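Keep the sequence and the 3D view open as you read.

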Amino acid sequence: MATKLDKVDVVVVGSGWAGGVVSAELSKAGYKIVMLERGKDQKRSDFIGVKDELRYTNRHEMIEKLTNDTITSRVSISDAALPVRLHKEMNVGTALGGGSMHWAGSVYRWRSYDFEIRSKTVERYGESKIPEGMQIRDWGITYDELEPYYAKWELTAGISGEPDPLGDHRSIDYPNPPMLASPAIKLFKESAKNIGLNPYQMASGNMSQTYTNPDGETMNQCMFCAFCTMYGCDFSSKSDPLATVLPTAQKTGNCEIRTDSLVRRVIHENGKATGVMYTDTKTGQEFIQPADVVVLAAFTFSNNRLLMLSEIGEIYNPETRKGTIGRNFTGQFNSTFLGARGFFEDKKFNYYMGAGGLGGALSDYDADIFDHTDLDFIHGGGIELRQYGDAAIKNNFVPKGTPSWGPEFKEKSLHYAYRSLIVWYSAAVMPWWHNYMDLDPTYKDEFGDPLLRITNKITDQDRNIAAFGIEKCAEIMEAMGADIIDKDELPDQFDHTYEGMHYIGGVAMGEDPETSAVNNYLQMWEMENLFVVGGSALPHFSSHHPTPTIGALAYRAAEGIEKFLKEGGMLAEPKKVGY
Amino acid sequence: MTNKDSKGMSRRNFLKSSGLVAGGLVGGSLFGGLLTSQLQKGEKDNTKQVTAEPSFEARTFFSRNEDFDILSAAVERIFPEDSRGSGAIGLGVPYFIDRQLSGDWGRNANDYMHGPFPTIKKTDSYQEENRSNNDVINTSTEVLVPANTPRYQTKMNRGVFFLEGLRAMEQTSKDKFGDRFVKLETEQQDEVLKMFENGEVQFNGVDSADFFSLLRQTTIEGVYADPVYGGNRNMEAWRMKEFPGPRMGFMNDIETEEFLVMEPESLRNYQGHN
């Protein structure tokens, strides 16, 4: 029998950027918050001395273990789904701070085109440009409406950067100047400029200087040590919730954080959420935490599965195309980051140095910046050259045709270490009627609850956009003077490898309750005191990493929750738009 | 090429240039100790080679000598000794793999290993048509999986998988060349490895290409992982690759045009154990 605890104003599930921003804002406003995190407690000093490639990059120390819980995956609605069994094949964050603790720190706002993608596409190209079954929609919020929240998140996170010359309106400069450019990044930018493109230094969550944010949290200057993506930062110079919103929430005295607390159900009656049920993973004891408002701010998979297991909302059915929970699943996978690798005989780059968000970028082939009239896809992608810094296990790039083992492999992999660079196109991913999430009929977790099942097919849109991007990357690589240029190959079909942590949707925002689960304050249409915050709210995947958009929407949701706590009621008018 | 070894940063310069002021970290004993150990080492001889066999080189996973000998011969073909330096055996890779297999990773402790385990049938590519609608899976279900899809769907953990794979290599050597793997000429050993790489051998419902891919990846990991795991002995592979190992940072060098070669340092140095 679960132990019932004292009621609080708000219970927040998850401690990443989404839950962290909501908790910081509401606890500053004086509300009593309990935050529940399934993973372990950790602090910034835990990351000192962790520069161990095998442990973190290859054995995924900071990634949620799959021992008792994973997802199942299939391509088509007529396939049997199999579990994604290996820890390395599904990278989802865990522990205090969530996935944001091991993120790279690359920062891009999504574009004005994204938020009104259906109407802007129809306006420029006509209805027929959108293929049957591609479930894109306007989000119910415009870029201009979301812009102040982007600015707020960038100030909190201490983003370093310079404006994208092809970017949308910005109300503020980035709070910190851009990161230093390495010789490889300079080569990329100069070469791109020479062929008429508009490169710039990508913005990052790595600090270009010591910075104190508006809440009084301080982060150090990045040292370019290269142990960044998949690692916690050992200098506290990568922006993350442990460095920013979590201490901000805690110092108010209004936010209690409980780690090792796995939320398994949202409790509700008569159409209202009354709290959550969770298990203490160290003792096995069950608790009920009552609250006036429940905020699900876990990873996309957990937000979706919690709603499905709690029987809130209608699970999407691809046969009828009805139901909203699980609908509009998209993600960026390894096969989304395709481009061209160049090998240089006469140049060596110090590529053991780097930072997660260090790189050059350009937007000439992004969103609807270029004309799609004669192209067989919509949207676009960002082009990047990143200098994460490659450690020794990873840095084994050899030209195509080289054996992957044996004497020639050894010779070439040593020769080309530090002589190769990759330019890639991070393509946008559109939602389709056949890509969605539901509950698996076969596989279960340790409590006997069904696992989440993903059905995800790569479409012609994906192949066409990637083929276009690969050619553009190869043109830049040629301008950079590479001696050998290897173009990436198009994927045959989805390979069920969930690396990169960029999976979104399923509790997507919109204007019409028939097709969307939450409104533009991320409040559930069906349950007004339940807010579902995080990547799950994004109706399609734009061309870049989702973190800033998740952060901006979390600030927007926090504002909405505060309004709801004061006044109650639905925060947005539902509309019948039919998509 | 510049040897950066002599250019150590002083503690004061490091603190100044890093601007480290956040959250009490500098005052923290761990971080303070780390900085001290990093910065006081300037005078030490970091290049001294340990010539004695490391005392931790003994097996805790492989029981049969034969299995370990096959493993050693195979990893040496994957990363052979040449004029640039040692191969996998000289770098301690067989011991690295032995230790990996005896721990969490070898036992798939962090992986989802619950059933049912259906029969997997590999196909050349993904075909949407001809697929049976088998929604609920049981042990007698046959699931078509494209050959290029790396899906681990065996009940065997990596330790068992390695033993089965090495013994299948032994059997293949006997069938094809009439002798044990370790007795074959290197060209013949390569031929056996290629048969596995191409998925031409089947054992226990597992594709030999999956075993080869695991063997190859684990070998590369053993070559280049930090020496604390038993491979990359004396950081020789890092020296071959000109990889400096874990460092505090490169803020003063990130814009440098020339390639900088540094004498490598390991986690043992970085964490201040010596």
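## A sheet in chain A

Strand 17 and strand 18 of chain A pair in the antiparallel sense, over four bridges. Two strands count as paired if DSSP finds at least two bridges between them. Strands (E, at least two residues) and helices (H or I, at least four) are DSSP runs, numbered from the N terminus. Gly360(A) stands opposite Leu385(A) in strand 18 of chain A.

An open sheet of six strands in chain A runs in the order 7-17-18-19-16-22, with antiparallel pairing. Strand 7 (200–201) and strand 22 (484–487) of chain A stand at the edges, so each has a single partner strand and one side without a neighbour in the sheet. Strands of a sheet pair through backbone hydrogen bonds, either parallel or antiparallel.

## How to read the model

This is a predicted model: local features need pLDDT of at least 70, side-chain atom pairs count only at pLDDT 80 or more, and totals for chains, interfaces and linings use all residues. Residues are numbered from 1 along each chain as its sequence is written, chains are lettered from A and ligands numbered from 1 in the order in which they are written, and side-chain values use heavy atoms, with hydrogens and water left out.

## A hairpin and a parallel pair

Strand 12 (residues 261–269) and strand 13 (residues 272–280) of chain A run antiparallel, joined by eight bridges. Ile267(A) has Gly275(A) in strand 13 of chain A as its bridge partner. The hairpin of these strands has two residues between them. There, Asn270(A) takes a positive phi near 50 degrees.

Elsewhere, strand 2 (residues 8–13) and strand 3 (residues 33–36) of chain A pair in the parallel sense, over four bridges. Which way do the residues of strand 3 of chain A point? Ile33(A) and Met35(A) point one way, and Val34(A) and Leu36(A) point the other way. All of these are buried. Buried means under 20% relative accessible area, exposed over 50%, and partly exposed in between (1.4 Å probe, protein chains only).

## Salt bridges

Side chains of opposite charge can pair when their charged atoms come close. A salt bridge is a side-chain nitrogen of Lys or Arg within 4 Å of a carboxyl oxygen of Asp or Glu. The whole structure has 41 of them over all chains. One joins Asp371(A) and Arg124(A), at 3.8 Å from N to O. The two residues are 247 residues apart. Asp371(A) lies in the loop between strand 17 (359–362) and strand 18 (381–386) of chain A, and Arg124(A) lies in helix 4 (residues 117–125) of chain A. Asp371(A) is partly exposed, with a relative accessible area of 44%. Arg124(A) is partly exposed too, at 42%.

Asp390(A) and Lys394(A) form another salt bridge, at 3.3 Å. Asp390(A) is buried at 9% relative accessible area, whereas Lys394(A) is partly exposed at 41%. Asp438(A) and Arg453(A) meet at 2.9 Å. This pair links strand 20 to strand 21 of chain A, 15 residues apart. Are Asp438(A) and Arg453(A) buried or exposed? Both are buried. Shared partners also join Glu25(A), Lys28(A), Lys152(A) and Asp215(A) into one network of salt bridges.

## Where the chains meet

The contact (heavy atoms within 4.5 Å) takes 87 residues from chain A and 92 residues from chain B. The two chains bury about 7,600 Å² between them, 58% of it on carbon and sulfur atoms. Buried area is the accessible area (1.4 Å probe) that two parts lose on being put together, summed over both. In chain A, Arg85(A), Trp405(A) and Lys410(A) lose the most area to chain B, together 12% of what that side buries.

How many salt bridges join chain A and chain B? There are three. One of them links Arg59(A) to Glu221(B), with the closest N and O atoms 2.6 Å apart. On the side of chain A that touches chain B, helix 9 of chain A gives the largest share, seven residues.

## Chain B

Chain B has nine helices and six strands. Of its 274 residues, 51% count as buried. Take the contacts in chain B between residues at least 6 apart in sequence: 60% of them join residues at least 24 apart.
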